[in-house]
Structure formats: C-alpha cells, structure tokens
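Here is my note on this one, for someone opening it for the first time. Have a look at the model before reading on.

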Amino acid sequence: MINIEKVSFSYSNTGPMILKDIVLEISEHEFVAVIGNNGSGKTTLAKLLNGIYLPDTGRILVDGMDTRASENRILIKQKVGLLFPEADKQFISSTVEEDVAFGPENLDLKQNEIRARVDNTLKLLSMEDFAKHPPYLLSGGQKQKVGIAGLLAMKPAYLVLDEPGSMLDETGKQEVFQALWQLNKNEGIAIVLITHELSPAIKADRIVLMESGQIKAQCVPEQIVYQPELLRAMQIQPLEISSFIEALNTAHSGLLSMEINDVDKLVEELCRLKQKM
Ligand SMILES: Nc1ncnc2c1ncn2[C@@H]1O[C@H](COP(=O)(O)OP(=O)(O)OP(=O)(O)O)[C@@H](O)[C@H]1O
Ligand SMILES: [Mg+2]
C-alpha cells in the first residue's frame, strides 16, 4: 500500500504550497484515476509518489518504506514505476528490447533474467514483434507501451502514469488504456492513472478529484461521470453520451436518465419512450 499522510509540498522555501495536506491511500492491485484541472498538482503528486520530490510536511510510505529515507530510494523507484507523457524523450537505445532492458541491467541481474524480463514484458503488451525495431519508428501508442514495458521490467507493484494518452490519437489511447486495464486485472499491478479524460477513469475502482493542491473528493466513478456540469467546472470533458442526453433533456425536461452510459441502452430507452407516445 502507498500511504500519503497529510503531505504538503512547495517547490521553494518562499513559494506557494502546491500540495496541501494530502491524505490518500493506494492499495495493492487497485486502479485509481486522478483527475483535476490544470495546475491542480497532479504531476507534482506523481513525482512525490516515487521519491523524485520529498514532502515538506507529512510523509509517504510505500509498502511501509518512507520516501524520505535515502536507504529506501532505490527500492521505492523500483516498486513505483512512473511514466510521463513524452515517452519519446525517454528512449535511450537503438532497439525496443535494449530500451526495455535498460532498467533491469542497472539492477545487476543475471543476463538470462534480464532476457526473460524483456521477453515477458513485451509479450504482456503485445509488442514482442517489435523487439528489434528502433523505438522512433513506432506509433505514439506503441512508444508509450515500450515506456510501460521498461517500467514493468523492473517488476513494480505500482504504476503511476501521468496523462499517458495526452499525445496520442484515439487508436493510440485505446491501445494504451486497454494495456493498463489488462495489467491491472491480469497481473495485479496497481495503477494510478492521471488523466484529463473521463473514458479511462470510468473503469477505475476509484476516482480522486484534485483541485488547487488538495483532494476535493474521492468517489466511485458512477458518482461523478453522470454530472456533466461538475466535470466541466473542472475542465473535464463529459462523455459524449452525457452531453447528448443533457441536450435532449434541455429540450424535453427530464426525458432521459443521465445515468445512461452506453449507446445500446440509450437506443433501448428511446425506443421505449417512442412506444409510449
Ligand atoms: N518545477 C516547478 N517549479 C515551480 N513551480 C512548479 C513547478 N512545477 C509545477 N509548478 C507549479 O505547481 C502547480 C501544480 O503543477 P502540476 O504540474 O503539478 O499540475 P498538474 O495538475 O499536473 O497540471 P496539468 O494538468 O497542467 O498537467 C502549478 O501552479 C505549477 O505552476
Ligand atoms: Mg501535469
């Protein structure tokens, strides 16, 4: 478990508090989506989770290890994999497999263990056919998956992904979100997904809403996805279907429940209404 205990953080002694009294727990095997508007502190929080930054007050424990203790740093970086949106800049090798091997090579593992980790992680992400490819020739979604594979090869318990879909087209996004979903369900890796988009957050176990450096709310996705106005106030695009129902309801007050979130159900409901007319 990651325990964030009343954590506050500022980038400088004289600067503003960027995170204020954050209290949050992330359990093993959990899928948590973190959403919040620009500048609310999501990236800062992500960097605190694996010890890139340290809390000014409060503490963060990763499976009981305090991120402030220097003897824990290496193990914490291995346990909490952190991926930033610009996967491109993180490539350091000329082939995908060399890139994925980079982390484990620094762990002083035997060559056959490194080989096995590289093969397994590429396979998990359906990227085994690209092992010998130069990373720069891959699509955006594939590049992100190679970035994720590099983290997985370190055998993390938690993956923290900062807007992994932000540079990708729709296909790339689906590819990456699907991979994260499978890693969570099949491999039991806890996922902390920072996202501006609602669609991958719907499947999360929990949504954490951030605003101005604080946690505004924590809830199951159903409690927020059906509230387009609240979402817009947080600069989060509601689901297309919610906006559609909202527009219909503006013209015909209360016609449809906002809690319809798939097209089949919407069609069914419209047919039922038509029969009544
Ligand atoms: N290196 C830094 N030095 C000083 N201030 C910073 C630094 N990085 C971020 N900030 C400030 O911290 C606040 C939170 O930034 P952060 O990047 O964590 O927000 P965010 O929620 O990730 O935003 P976005 O959705 O735009 O990615 C902002 O006010 C930002 O200006
Ligand atoms: Mg950010």
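The points below go from the overall layout to the sheet, the helix beside it and a few details.

1. Ground rules. This is a predicted model, so to speak of local features I need pLDDT of at least 70, and side-chain atom pairs count only at pLDDT 80 or more, while totals for chains, interfaces and linings use all residues. Residues are numbered from 1 along each chain as its sequence is written, with chains lettered from A and ligands numbered from 1 in the order in which they are written.

2. Domains. The chain is split into domain 1 (2–224) and domain 2 (239–277), with bounds that come from an automatic or database domain assignment. Their C-alpha centres are 36 Å apart.

3. The open sheet. Helices (H or I, at least four residues) and strands (E, at least two) are DSSP runs, numbered from the N terminus, and two strands pair if DSSP finds at least two bridges between them. Six strands make up an open sheet with mixed pairing, in the order S6-S7-S8-S3-S9-S10. S6 (80–83) and S10 sit at the edges, each pairing on one side only. On average, neighbouring strands here are turned by 20 degrees against each other, direction ignored. Axes are lines fitted to C-alpha atoms, for helices over the stretch in contact, and angles run from 0 to 180 degrees between N-to-C directions.

4. Around S9. Strand S3 (residues 31–36) runs parallel to strand S9 (residues 206–211), and 5 bridges join them. Ala33 faces Ile207 across this pair, and Val34 stands opposite Val208. On to S10 (residues 214–219): S9 pairs with S10 in the antiparallel sense, again over 5 bridges, and Leu209 has Ala217 as its bridge partner. The hairpin of S9 and S10 has 2 residues between the strands, and Ser212 in it takes a positive phi near 45 degrees.

5. Helix H1. Which residues of H1 (residues 42–49) are buried? They are Lys42, Leu45, Ala46, Leu48 and Leu49; buried means 20 or more other C-beta atoms within 10 Å of a residue's own, exposed 12 or fewer, and partly exposed in between, with C-beta atoms placed from the backbone. These residues lie on the same side of H1 because they cover an arc of only 160 degrees around the axis, taken from the directions from the helix axis to the C-beta atoms. Just after H1, Gly51 has a positive phi of about 85 degrees.

6. The core. The largest nonpolar core has 66 residues, and Val34, Ala149, Ile191 and Leu193 have the most contacts inside it. Such a core is a set of buried Ala, Val, Leu, Ile, Met, Phe, Trp, Tyr and Cys residues joined through C-beta atoms within 7 Å. Leaving out residues up to four places away in sequence, Ile191 touches Phe31, Leu159, Leu180, Leu183 and Asn184; contact means C-beta atoms, placed from the backbone, within 7 Å.

7. S1 and its partners. Strand S1 (residues 2–10) pairs antiparallel with strand S2 (residues 17–26) over 6 bridges, and a hairpin of 6 residues joins the two. S1 also runs antiparallel to strand S4 (residues 57–62), with 5 bridges. Asn3 stands opposite Glu25 in S2 and has Leu61 as its bridge partner in S4.

8. Two loop residues to look at. Asp108, in the loop between H3 (96–105) and H4 (111–124), is not a glycine, yet its phi is positive, near 70 degrees. Asp108 is exposed, with 7 other C-beta atoms within 10 Å. Ser126, between H4 and H5 (140–152), has a positive phi near 55 degrees and counts as partly exposed, with 14 C-beta neighbours inside 10 Å.

Methods:
Two residues are in contact if their C-beta atoms, placed from the backbone, lie within 7 Å.
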